Amino acid sequence: MTASAPLPTHQDSRTAKNGGGPPRRAPEEEVAAAPTRPRKERDPFFDNAKFLAILLVVIGHSLAYRLDVPMARGLYLFIYAFHMPLFIVITGYFSRNWTFSGGKARKVITNLGVPYLVFETAYSLYDTAVGGNGLKISLLDPYFLTWFLCALFFWRLSTPVWQQIRWPLAVAVGFSLLSYMSDLGDTFDIHRVIGLLPFYVLGLMLRPEHFELLKRPAARMVGACSLALGLGVAYLVMHRMSVSWVYWKHPHAELGVDNLTGTVMRLAMLVCGTVLVASFLAVVPKHRTWFTHLGATTLYAYLLHGFVTRLLAFTDWWDAAWLDTVPGLIVVIIGAAAVGTFLCSRPVVRTMSWALEPKMTWAFTPLRRPGGTAARRRANTIRG
């Protein structure tokens, strides 16, 4: 009695269908077998820094309405000396690998271009409906805080250029200093775009080991002392220095100084801003904290807090006499910090992600190559 032939297994049947060669994997098996790239974890140090920085932004915009109070004016100058340079340096650091590839170019449009259009329009309508001002929507003249989106759009597009220049930081500083010697107009807040460019290029040049130096205990002590010194200097010069300097948007002529004096002043501000940025980063917690996860959504607080501060201005809330007192300013600072924290929270992100992080896959096509498929076929025919 002969043994019966074994029944063909699932693998055998696939081998026979494949002409005797190695068995083909089902599509779902190929996906399962494909190596998955581990998701890179976010560094809590940078998320902590961004969250604390956005609180400074909201507090600074709140103190702007109390500049006649010495305590508020000195703190305002101190914050404005480095809060936006800090954001710009960090942004530049995370833009080091930016290229014109399809996916990254799309993010520039969806994460910068679209929010700029949305909030430039929204703030203009808000200014008319709530503030009672005439309607003016101009994409060439950024409204209030939308200038940063506009500037970041241009900085990021220029990234491949700075990555190839031999002395990028020196060139960027040169452009920055020269830009204030003449009036370039208000289009796209061009003075800010060029004037603050060195901080973006500095971020591009930094490497992880540079930030590791700032995480050392000795650096923390030096950073704390430098911040205290910077705050003291701000109070010393607050009545001798126009706050317009820290806005980075006016040429020398509008500030009433000649080009030599203005250039020295701008160079000093670049140096002071860099020192204060490094000092602030040195005191930032490097481990995960209760607010670390909020640092990933600081753009929400940045673009949305203006509706709150402007509303208080439109309703004359800032004119309350009790705000001129020390307890009143403390209430303003605590309130601003609370608003900034809430606007980074998950409910706000879920509600507003359509405006700040739109998917918009329907608006894009695969990257078009010069000549297209037909041209490549003709070239292959000729070569054949």
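**View 1. Thr-298 and its surroundings.** Leaving out residues up to four places away in sequence, Thr-298 touches Lys-50, Phe-51, Ile-54, Phe-87 and Cys-344, where touching, or contact, means heavy atoms within 4.5 Å. This is a predicted model, in which local features need pLDDT of at least 70 and side-chain atom pairs count only at pLDDT 80 or more, while totals for chains, interfaces and linings use all residues. Residues are numbered from 1 along each chain as its sequence is written, and side-chain values use heavy atoms, with hydrogens and water left out. Thr-298 sits in helix α15 (residues 298-314); helices here are DSSP runs (H or I, at least four residues) and strands are runs of E of at least two, numbered from the N terminus. With 7% relative accessibility, Thr-298 counts as buried. Buried means under 20% relative accessible area, exposed means over 50%, and partly exposed is in between (1.4 Å probe, protein chains only).

**View 2. Lys-50 and its salt bridge partner.** Lys-50, one of the residues touching Thr-298, pairs with Asp-47 in a salt bridge whose closest N and O atoms are 3.9 Å apart. A salt bridge here is a side-chain nitrogen of Lys or Arg within 4 Å of a carboxyl oxygen of Asp or Glu. Both residues belong to helix α3, three residues apart, or about one turn of the helix. Lys-50 is buried at 17% relative accessibility, and Asp-47 is buried too, at 5%.

**View 3. A salt bridge between Asp-324 and Arg-66.** The closest N and O atoms of this pair are 2.2 Å apart. The bridge links distant parts of the chain: Asp-324 is in the loop between α15 and α16 (326-343), Arg-66 is in the loop between α3 and α4 (70-80), and they are 258 residues apart. Asp-324 is partly exposed, at 35% relative accessible area, while Arg-66 is buried, at 5%.

View 4. Zoom in on Phe-119 and, leaving aside neighbours within four places in sequence, you'll find contacts to Thr-146, Leu-303, Leu-304, Phe-307, Met-352, Ala-355 and Leu-356.

View 5. In α17 (residues 346-356), the buried residues are Val-348, Val-349, Met-352, Ala-355 and Leu-356. Looking down the axis of α17, these buried residues fall within an arc of 105 degrees, so they line one face of the helix; the arc is that of the directions from the helix axis to the C-beta atoms. Turned away from the buried side is a face with the exposed residues Arg-346, Arg-350, Thr-351 and Trp-354.

**View 6. The loop around Ser-244.** Ser-244 lies in the loop between α13 (217-237) and α14 (259-283). Skip its neighbours within four places in sequence, and Ser-244 is in contact with His-250 and Leu-255. From C-alpha to C-alpha, Ser-244 and Leu-255 are 7.5 Å apart in space, and they are 11 residues apart in sequence.
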